[in-house]
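These are my notebook entries on a structure that I looked through piece by piece. I wrote down each item as I looked it up.

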Amino acid sequence: KDEISLANLHNKVYVFIDTSFNKHWIPPEMKEIYSVIGPLGSGAYGEVKLAQNKVNEKYVAIKKIQKREGKEGKTYNEVRILQNLKHPCVVTMEDVFDTSDSLYIVMEYVSGGELAKRIKEVTRLSDGEAKCIFYQLVLALQYLHLKRVAHRDLKPENVLLMSKSQNCNERLVKVSDFGLSKLIDTNTDLKTMCGTPVYTAPEILMTQGTGFYTHQVDVWSLGVMLFLCL
């Protein structure tokens with residue numbers, strides 16, 4: 001009986017990654033830890049790339065945010081929010097690197113891709129799959145609002161799938177990209193016109209930045225996503 005193996009004592013498997021085109025994307029102190037592999041996408045305030053930890057070989061997503069003069073508060077906003085979040089359906093921040101011109105947020109890598117891509121592939125999700133995904137999104141949003149976080153940019157592009165499997169037990173979803181999010185307290189007024197128009201609540205569009213709204217605008221965005229899934 002023939003046997004094919006790449007894991008016996010006489011064979012070794014090597015993975016070669018050309019990182020030369022990304023050599024200036026991260027600072028020297030990060031190069032000692034991570035190898036940047038390639039682009040994953042871009043968010044509200046930064047570019048995201050796939051990287052691998054050289055020590056434990058774990059894949060991570062690194063978001064680079066360029067600092068802008070007079071916008072320091074917005075630059076650190078996402079870090080302040082992520083460092084206080086810990087939920088199975090919310091992307092996890094693993095580390096932060098701060099340089100003179102950029103902020104680097106190291107996050108868990110979610111390999112199943114965006115919900116937007118999944119919807120585009122099949123046009124319409126099955127009732128079971130849509131229910132499974134939407135239930136997790138409701139739990140994530142409930143948690144965010146309990147933590148006094150208004151996301152303000154919920155959309156399929158900001159929902160990541162842990163697996164491409166259609167089995168609900170394996171299809172964990174993660175809410176990501178908190179670049180437009182806001183921490184809410186008794187002294188906070190939500191007034192900024194932001195988000196992606198198709199998913200933006202009417203009260204944001206109607207006030208055009210001149211009136212106030214609440215964190216409940218996220219619920220409208222969630223409803224639009226459910227409509228797209230079905």
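**Entry 1: one proline**

I began with Pro88, which is partly exposed, with a relative accessible area of 49%; partly exposed is the range between buried, under 20%, and exposed, over 50%, found with a 1.4 Å probe on protein chains only. The model is predicted, with local features needing pLDDT of at least 70 and side-chain atom pairs counting only at pLDDT 80 or more, while totals for chains, interfaces and linings use all residues. Residues are numbered from 1 along each chain as its sequence is written, and side-chain values use heavy atoms, with hydrogens and water left out.

I then placed Pro88 in the loop between α2 (72-82) and β4 (93-98); helices (H or I, at least four residues) and strands (E, at least two) are DSSP runs numbered from the N terminus. Setting aside residues up to four places away in sequence, I found that Pro88 touches Leu172, Val173 and Lys174, where contact means heavy atoms within 4.5 Å. Val173 is 85 residues from Pro88 along the chain, and I noted that their C-alpha atoms are separated by 8.2 Å.

**Entry 2: the whole protein**

I listed six helices and nine strands in the protein. Of its 230 residues, 44% count as buried. Among contacts between residues at least 6 apart in sequence, 58% join residues at least 24 apart.

**Entry 3: the nonpolar cores**

Which residues of the largest nonpolar core touch the most other members? I found Leu82, Leu85, Leu137, Leu144 and Phe178, out of 36 residues in this core; a nonpolar core is a set of buried Ala, Val, Leu, Ile, Met, Phe, Trp, Tyr and Cys residues joined through side-chain atoms within 4.5 Å. Among the elements that each supply at least two residues of this core are α2, β5 (102-108), α4 (127-146) and α6 (217-229). The largest share, seven residues, comes from α4. This core also draws at least three residues from each of domain 1 (20-108) and domain 2 (113-229), with the domain bounds taken from an automatic or database assignment.

I looked up Leu85 separately: leaving aside neighbours within four places in sequence, Leu85 is in contact with Val90, Tyr143, Leu144, Lys147, Val149 and Phe178. A second, separate core has eleven residues, including Ile26, Tyr34, Ala51 and Val60.

**Entry 4: the largest pocket**

I noted about 540 Å³ of space in the largest pocket. On a 1 Å grid over the protein atoms alone, a pocket is an open set of points with protein on both sides within 12 Å along at least five of seven lines, a cavity is a set where a 1.4 Å probe fits but cannot get out, and lining residues have an atom within 4 Å of a point. A volume is the space filled by probe spheres set on the points, which are joined across faces, edges and corners.

Of the 25 residues that line this pocket, Leu40, Val48, Glu114, Glu157 and Leu160 are the closest to its centre. β1 (34-42), β3 (59-66) and β5 each supply at least two lining residues, and β1 gives the most, with three.

**Entry 5: the cavity**

My search of the whole structure found one cavity of 30 Å³ or more, and the largest cavity has a volume of about 70 Å³. Arg152, Asp153, Tyr199, Thr200 and Ser221 are the closest to its centre among the 13 residues that line it. I noted that α6 gives the most to this lining, with three residues.
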